[in-house]
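Have a look at the model below, and we'll walk through it together. We'll begin with the strands and then turn to the pockets.

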Amino acid sequence: MGSSSDWGVMKAATETLAQFGVDSETKVLSAHRTPAELQAWVASLRSRGFGAVIAAAGGAAHLAGVVAAFTTLPVIGVPIKSKSLEGLDSLLSMVQMPSGIPVAVVAIDGAKNAALLAIEILAVTDDALRQKMDEFRAAQARKVLDSTLD
C-alpha cells in the first residue's frame, strides 16, 4: 500500500488470501517517499517465494507501475477511491502503463478481486489452490441458483 490509510480497503485482500491458505506480506511503501526501500523490497520477492504482487494506491497511484518496473512477477493494481475524483484518477493512472511494463488492474477499491486474481495466477501451477478456486466458484454458483425472490 502507498499509505496506511489504504488498509481499510486492502484488508479484504489479506483476508481473502488467508481464506485460501495463501501466505502474504503487507507493507506500506511509497513510490515517491520511499523509492529505495520499495525497490529493495520488490527485488527480494521472487527469492522469497512470492508469485504475484498486489499494489494499492490512490491519487496519482504510481505504486503499481513502479513495482512492475522492478519485477517480472505479475502485478495487480488496486486503485483506491480518492476524495477529489472518486478514484477515477487512480484507475486511469494504473491502466495507462507504457508498453512492456504491464499492470493488471481491478475495480476501484477492488481488493478482494485483486486477491482472487492473484490466487488464480498462483493456481496455474498449484493444483491444491486450483481445487480451492474451483470449490469457491461452485459455491458462488450455488448461492445464485439457491436464491429466491420473496
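β1, α3 and β2 come together as a right-handed β-α-β unit, where right-handed means that, with the strands pointing away from you, the path from the first strand over the helix to the second runs clockwise. The element names come from DSSP runs numbered from the N terminus: helices are H or I runs of at least four residues, and strands are E runs of at least two. What you're viewing is a predicted model, in which local features need pLDDT of at least 70 and side-chain atom pairs count only at pLDDT 80 or more, while totals for chains, interfaces and linings use all residues. Residues are numbered from 1 along each chain as its sequence is written, and side-chain values use heavy atoms, with hydrogens and water left out.

Now for the sheet. It's an open one of three strands, in the order β1-β2-β3, with parallel pairing. β1 and β3 (104–105) sit at the edges with a single partner strand each, so one side of each has no neighbour in the sheet. Strands count as paired if DSSP finds at least two bridges between them. β1 and β2 (residues 75–80) share six bridges, and Ala-56 faces Val-78 of β2. Between β2 and β3 there are two bridges, and Gly-77 has Val-105 in β3 as its bridge partner.

Next, follow α6, a helix of 19 residues. From first C-alpha to last it reaches 27 Å, close to the 27 Å expected at 1.5 Å a residue; the expected span is 1.5 Å times one less than the number of residues. Asp-126 caps its N-terminal end, with a side-chain oxygen 3.1 Å from the backbone nitrogen of Ala-128.

So where is the open space? A pocket here is an open set of points on a 1 Å grid over the protein atoms alone, where a 1.4 Å probe fits, with protein on both sides within 12 Å along at least five of seven lines; lining residues have an atom within 4 Å of a point. The largest pocket holds about 650 Å³ of space. Of its 33 lining residues, Leu-17, Ser-24, Glu-25, Phe-50 and Ala-52 are the closest to its centre. α1 gives the largest share of that lining, four residues, and α1 (7–19), β1 (53–58) and α6 (127–145) are among the elements that each supply at least two.

The second largest pocket has a volume of about 220 Å³. It is lined by 18 residues, and those closest to its centre are Gly-2, Ser-3, Arg-33, Ala-57 and Gly-58.

Terms used. Points joined across faces, edges and corners; volume = space filled by probe spheres on them. Polar contact = N/O pair within 3.5 Å; in protein donor to acceptor, adjacent residues only side chain to side chain.
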